[in-house]
Amino acid sequence: YGSKYYTGRRVWDGYRHFAADWEKLPTEYDDLKRDKVLPFSMKVAKPLTVHDMIKASRSHYEGTEFDMTKGLAAGPFGTPDRYGDGAAGE
């Protein structure tokens with residue numbers, strides 16, 4: 001993992017889009033690999049469509065505390081893209 005939160009936040013975001021009880025999930029944790037932080041599955045709030053899956057794959061955490069379209073790194077146009085050399089911690 002380049003960042004201990006990358007994979008966990010993507011899973012959390014999927015639950016945010018689809019699960020009925022996603023608000024109960026933690027956003028902070030120590031070790032996603034060794035601790036059972038997130039459940040294997042959750043009950044969906046409504047039947048899923050192809051458009052739901054497309055919307056989730058385009059998500060940049062908009063409307064959450066992790067919104068990548070906000071802040072200094074988003075630049076003047078609110079881009080969610082981040083550029084670096086790929087080294088851990090960037």
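Guide: Leaving aside its neighbours within four places in sequence, Asp67 is in contact with His60, Tyr61 and Glu62, where contact means heavy atoms within 4.5 Å. This is a predicted model, in which local features need pLDDT of at least 70 and side-chain atom pairs count only at pLDDT 80 or more, while totals for chains, interfaces and linings use all residues. Residues are numbered from 1 along each chain as its sequence is written, and side-chain values use heavy atoms, with hydrogens and water left out.

Asp67 lies in the segment after helix H2, which spans 50-57; helices (H or I, at least four residues) and strands (E, at least two) are DSSP runs, numbered from the N terminus. Asp67 is buried and yet has no salt bridge, since the nearest side chain of opposite charge, that of Lys70, is 4.8 Å away. Buried means under 20% relative accessible area, exposed over 50%, and partly exposed in between, with a 1.4 Å probe and protein chains only. A salt bridge is a side-chain nitrogen of Lys or Arg within 4 Å of a carboxyl oxygen of Asp or Glu; for charge, Lys and Arg count as positive and Asp and Glu as negative, whereas His and the chain ends are not counted. A polar atom of the Asp67 side chain does, however, lie 3.2 Å from the backbone nitrogen of Gly63.

Tyr61, one of the residues in contact with Asp67, is also placed in the segment after H2. Tyr61 counts as buried because its relative accessible area is 7%. Although Tyr61 is not a glycine, it has a positive phi of about 65°. Most residues other than glycine have a negative phi.

Tyr61 also belongs to the largest nonpolar core, which has eleven residues in all, among them Tyr5, Tyr29 and Phe66; a nonpolar core is a set of buried Ala, Val, Leu, Ile, Met, Phe, Trp, Tyr and Cys residues joined through side-chain atoms within 4.5 Å.

Not counting residues up to four places away in sequence, Arg9 touches Thr27, Glu28, Tyr29, Tyr61 and Phe66, and Arg9 counts as buried because its relative accessibility is 16%.

Key:
A polar contact is a pair of N or O atoms within 3.5 Å; within protein, one must be able to donate a hydrogen and the other to accept it, and residues adjacent in sequence count only if both atoms are side-chain atoms.
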